[in-house]
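Okay, thanks everyone, I'll keep this short. Have a look at the slide, and then I'll walk you through a few spots.

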Amino acid sequence: METLATDPGFNDSGVYLRLGLIVEGKRLKKPPALLSRLASSLERSLLLHDKSISPPEFQHSTVTVFDGRSPPEITISDYLDRIFIYSRCSPSCFVVAYIYILQFLDVTRAHLTPLNVHRLVVTSVMLAAKVFDDRYYNNAYYARVGGVSTRELNRLEMKLLFALDFKLQVDPRTFHTHCCQLEKQNSDGIQIEWPIKEACRANKETWRKSTPESVCSQTTAR
C-alpha cells in the first residue's frame, strides 16, 4: 500500500494518532479494534435499511449476486474476526474493503442486507489484500475461511471487479476520510490499533504461510 503509506499528508495525521499505534514489527495477537468499528457500521446499515422498508417493499428490493438464500448464523463481528485471524492481511485492507462495499452499493443501487453482507465482506477483503498487500492467500484459501466454495468466490470476485470497473486504487484522502467515519462509529474510546503506515510494513515482515487448523463449515448461505 505504498501510495497510502508514504503520503506525508496523511501518515501522521491526527486521526491515526487518536486511533492508536502498535510497536512496529510485532503482529497483533488479537483482532484490532478497527474490526468492531467496521462491524458496528455494517450492522447500523442493516438496521437502517430494515427500518426504512416495509415487508412488502423488501420483496422488491434490489437483489445482488451476493445474496444468499438465508442469512448465515455467524455474526458480522465474528466473521470479520475470523477473516482477520486466518487471512493475516493488513488491517488497513478492512478499511479498503469497506470502501469497496460502499462503492458497490452506490453503483448497483443495492442495499446491505443480512443476505449479502457476509459475501460482500469476504470478497472485498480478499480483493483489497490482493491489491494492497505484498503477499496474500489465494481464492481457495479465502473460500475456506469465508465458508463458500472456491467456484462461488471466483464468481463473486469477478462480479465485484466489473461493478467497480476495475478501479481498485484508493487514494490517501479517501482512506483518511473513511477512517474518520469509522472512528466516529463508537464514542467509548475504542481505537484502531494498527495505523496504515505500520500495517503494511508489519504485514510484510511477519508473514507466515499457514492454514487454519479447522476449516469453516459452509457458514455463508448460498
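This is a predicted model: local features need pLDDT of at least 70, side-chain atom pairs count only at pLDDT 80 or more; totals for chains, interfaces and linings use all residues.

Cys 89 is in no disulfide, and the nearest cysteine sulfur, which belongs to Cys 93, sits 4.6 Å away. A disulfide here needs the two sulfurs within 2.5 Å. Cys 89 also counts as buried, because its relative accessibility is 2%. Then there's Cys 180, again in no disulfide: its nearest cysteine sulfur is on Cys 179, 7.0 Å away.

Next, helix α6, residues 76–87. That's 12 residues, spanning 16 Å from first C-alpha to last, close to the 16 Å you'd expect at 1.5 Å a residue. Which residues of α6 are buried? Ile 76, Tyr 79, Leu 80, Arg 82, Ile 83, Phe 84 and Ser 87. Just after α6 comes Arg 88, with a positive phi of about 60°.

Last stop, a helix pair: α8, residues 117–132, and α10, residues 150–163. Their axes come within 10 Å and cross at roughly 75°, so α8 and α10 are roughly perpendicular to each other.

Who touches whom? On the α8 side you've got Arg 119, Val 122, Thr 123, Ser 124, Met 126, Leu 127 and Lys 130. They meet Glu 152, Leu 153, Leu 156, Glu 157, Leu 160 and Leu 161 from α10. Sorted by class, that contact has seven nonpolar, two polar and four charged residues.

That's my tour, thanks.

Notes:
Residues are numbered from 1 along each chain as its sequence is written. Side-chain values use heavy atoms; hydrogens and water are left out. Axes are lines fitted to C-alpha atoms, for helices over the stretch in contact, and angles run from 0 to 180 degrees between N-to-C directions. Helices (H or I, at least four residues) and strands (E, at least two) are DSSP runs, numbered from the N terminus. Angles under 35 degrees count as roughly parallel, over 145 as roughly antiparallel, 65 to 115 as roughly perpendicular and the rest as oblique. Contact means heavy atoms within 4.5 Å. Ala, Val, Leu, Ile, Met, Phe, Trp, Tyr, Cys and Pro count as nonpolar, Asp, Glu, Lys and Arg as charged, and the others, Gly among them, as polar. The expected span of a helix is 1.5 Å times one less than its number of residues. Buried means under 20% relative accessible area, exposed over 50%, partly exposed in between (1.4 Å probe, protein chains only).
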